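Here is a short report on one helix and its surroundings. Please keep the sequence and the model in view while reading.

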Amino acid sequence: MSVYLKALWHDAKGDWDKAHNIIQDVPDKTASWIHAYLHRKEGDLANAAYWYDRARQPVATDPLPAEWERIVTALLHR
């Protein structure tokens, strides 16, 4: 399982801290997108905006579950 899917799996299981610990030091755009999502979920919108910018993704405004599915779908269709 990729580091990305592993982080999202832990998030889906309710372990935000584990998901964040897995993804926070991965230095690429995909990890930055997941990092942004996690900070958005946490409610830290300023930090999330920073990570969306690093990911080259627009700041998400849709429901969190929809963004989670969008990220997973993008990963599975690589």
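Is α3 largely enclosed by the rest of the structure or largely open, and why? Eleven of its 14 residues are buried, so α3 is largely enclosed. The model is a predicted one.

**The helix and its ends**

Helix α3 covers residues 29-42. At 1.5 Å a residue, its 14 residues should span 20 Å. The end C-alpha atoms are 20 Å apart, which agrees. Asp-28 caps the N-terminal end of α3. Its side-chain oxygen lies 3.2 Å from the backbone nitrogen of Thr-30. After α3 comes Gly-43, with a positive phi near 100°.

**What it packs against**

The buried residues of α3 include Trp-33, Ile-34, Tyr-37 and Leu-38. The partners of the buried residues are α1 (3-12), α2 (16-23), α4 (45-55) and α5 (64-76).

His-35 sits in α3. Leaving aside residues up to four places away in sequence, His-35 touches His-20, Ile-23, Gln-24 and Trp-51.

**An aromatic pair**

The count comes to one aromatic pair. Tyr-50 and Trp-51 form it, edge-to-face, at 5.1 Å centre to centre and 85° between the planes. Trp-51 is also one of the residues that His-35 touches.

The table gives accessibility for these residues.

| Residue | Relative accessibility | Class |
|---|---|---|
| His-35 | 4% | buried |
| Tyr-50 | 41% | partly exposed |
| Trp-51 | 14% | buried |

Buried means under 20% relative accessible area, so Trp-51 at 14% counts as buried. Tyr-50, at 41%, counts as partly exposed.

Notes
Residues numbered from 1 in each chain as written. Predicted model: local features only at pLDDT ≥ 70, side-chain atom pairs only at ≥ 80, totals over all residues. Heavy atoms only, no water. Helix = DSSP H or I, 4+ residues; strand = E, 2+ residues; numbered from the N terminus. Expected span 1.5 Å × (residues − 1). Buried < 20%, exposed > 50% of the residue type's maximum accessible area, 1.4 Å probe, protein only. Contact = heavy atoms within 4.5 Å. Polar contact = N/O pair within 3.5 Å; in protein donor to acceptor, adjacent residues only side chain to side chain. Phe/Tyr/Trp six-rings, centres within 6.5 Å; stacked < 30°, edge-to-face > 60°.
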